[in-house]
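This report describes selected features of one protein model. The sequence and the structure are shown first, and the description follows.

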Amino acid sequence: MQDVWLGQRELRVSPICLGTMTFGEQVAEAEAHAMLDRALERGVYFWDTAEMYAVPAREATYGATETILGRWFAGRPGARERVVLATKVAGPSRGMPWIREGKGLTAQDIVASCEGSLRRLRTEAVDLYQIHWPERHVPAFGNPYYDPAKEESQTSIHEQLEALAGLVKAGKVRHIGLSNETPYGVHEFVRLAEQHGLPRVVSVQNPYCLVNRSWENGMDESCHRLSVSLLAYSPLAFGLLTGKYDASGLTGPGAPQGARIASYKSVRKQRWGRPESLAAARRYNQLARDHGLTPAALALAFCYTKWQVASTIIGVRTLAQLDEDLDAWGTRLPAEALAEIDRIRWELRDPAQ
């Protein structure tokens, strides 16, 4: 794997990023540490976490994932310098009062959350600090529509950007990014940074996979022209694109034990749990088999080779899954498979948007 640059050649990362939201819920600490060891051995040195992890979010596991990573760093002197570490400040709590009270995301919230993450991660600085979801009310997490009547924004983008700039100046954050953003949000963060001499966002972490290519509905042009890189999350659509739900469905008697969608009702209520998402995934999974590939290999190769994607974030529950995801690197999809992928999308669109 060759390294890639984020932003305007500001931060160099591996083209595969290890997502860690399963650590502390589906993955115990010892297994998580083994996965971190394996990822680093195989050249995946870009790791992503968040203050709200593990997932599904609940008070008992708030901060657990960062704590697990922090103990890994503490037990391996010198390892921190080998890792590009990303974490995220949660947006407005919206039903998660254990993160913070109130409906906004103030400068004080950003600073306090960053300091909490640094303590749990046992590091003096993070390489990439991202706003997990906008303070504004935006289409995200399965809600495809913007509704101005639901706008409750209390903190301007400028104020948030100034808080992030303060963290950069203090040496606690090296680069900044966004997540679950819209074209408007990206443009405003870049415009205000350039206008006021503040740090420029280098990346946006948004969903991108075969059953959700909404990034290609305008975000790709915006970010290409602004030199803001895509960190693609959920490339396997929470397991839909592995084929493990094809026969059983999400809740049938044969549904895989321990898998996220099968295990958690909160996840099934989101975009990944829609019947339309599973129906589309089954089409792509069969396409993979028709071309002699596993469903996961097709889905990952799609992300790994798209010009829109800088780094693909993979999340796993086992070492075997980690190895399978990494082994898919280098897979090249034939032209006829790519054409069929586009035909399926034209027919079914983006059901997990």
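Asn 206 is buried, because its relative accessible area is 7%; buried means under 20% relative accessible area, exposed over 50% and partly exposed in between, with a 1.4 Å probe and protein chains only. The model is predicted: local features need pLDDT of at least 70 and side-chain atom pairs count only at pLDDT 80 or more, whereas totals for chains, interfaces and linings use all residues. Residues are numbered from 1 along each chain as its sequence is written, and side-chain values use heavy atoms, with hydrogens and water left out.

Asn 206 belongs to strand β8, residues 201-207. Helices (H or I, at least four residues) and strands (E, at least two) are DSSP runs, numbered from the N terminus. Leaving aside residues up to four places away in sequence, Asn 206 touches Ser 179, Asn 180, Glu 181, Trp 215, Met 219, Leu 230, Leu 231, Ala 232 and Tyr 233, where contact means heavy atoms within 4.5 Å. A polar atom of the Asn 206 side chain lies 2.7 Å from the backbone nitrogen of Asn 180. Between Asn 206 and Leu 178 there are 28 residues in sequence and 8.6 Å in space, C-alpha to C-alpha.

Gln 205 is also found in strand β8. Gln 205 is buried, since its relative accessible area is 3%. Among the residues that Gln 205 touches, not counting those up to four places away in sequence, are Asp 48, Lys 88, Gln 130, Leu 178 and Ile 313.

## Pockets

The largest pocket has a volume of about 1,100 Å³. On a 1 Å grid over the protein atoms alone, a pocket is an open set of points with protein on both sides within 12 Å along at least five of seven lines, a cavity is a set where a 1.4 Å probe fits but cannot get out, and lining residues have an atom within 4 Å of a point. Grid points are joined across faces, edges and corners, and a volume is the space filled by probe spheres set on the points. Of the 48 residues that line the largest pocket, Met 21, Val 55, Phe 238, Gln 270 and Arg 271 are the closest to its centre. The elements that give two or more residues to this lining are α8 (265-268), β10 (309-315) and α11 (319-327). By class, the lining of the largest pocket has 23 nonpolar, 16 polar and nine charged residues. Ala, Val, Leu, Ile, Met, Phe, Trp, Tyr, Cys and Pro count as nonpolar, Asp, Glu, Lys and Arg as charged, and the others, Gly among them, as polar.

The second largest pocket has a volume of about 380 Å³. Its lining has 21 residues, of which Pro 139, Glu 181, Asn 206, Ser 214 and Gln 353 are the closest to the centre. The lining of the second largest pocket divides into nine nonpolar, ten polar and two charged residues.

## The cavity

The count comes to one cavity of 30 Å³ or more. About 40 Å³ of space lies in the largest cavity. Its lining consists of Ile 131, Pro 134, Glu 135, Arg 136, Ile 157, Gln 160, Leu 178, Glu 181 and Phe 189. By class, these residues divide into five nonpolar, one polar and three charged.

## Helix α9

Helix α9 has 16 residues, 275-290, and should span 22 Å at 1.5 Å a residue; its end C-alpha atoms are 23 Å apart, which agrees. The expected span is 1.5 Å times one less than the number of residues.

The buried residues of α9 are Ser 277, Leu 278, Ala 280, Ala 281, Tyr 284, Asn 285, Leu 287 and Ala 288. They pack against α10 (295-305) and α12 (335-348). Just after α9, Gly 292 takes a positive phi of about 75°.

Most residues other than glycine have a negative phi, and most peptide bonds are trans. A cis peptide bond joins Tyr 53 and Ala 54, with omega about 20°, and another cis peptide bond joins Val 55 and Pro 56, with omega about 0°. Ala 54 is placed in the loop between β4 (46-48) and α2 (64-74), and Pro 56 lies in the loop between β4 and α2.

Ser 234 is not a glycine, yet has a positive phi of about 55°. Ser 234 is found in the loop between β9 (229-233) and α7 (260-263), and counts as buried at 12% relative accessibility. Ala 237 likewise has a positive phi of about 55° without being a glycine. Ala 237 lies in the loop between β9 and α7, and counts as buried at 0% relative accessibility.

Key. Polar contact = N/O pair within 3.5 Å; in protein donor to acceptor, adjacent residues only side chain to side chain.
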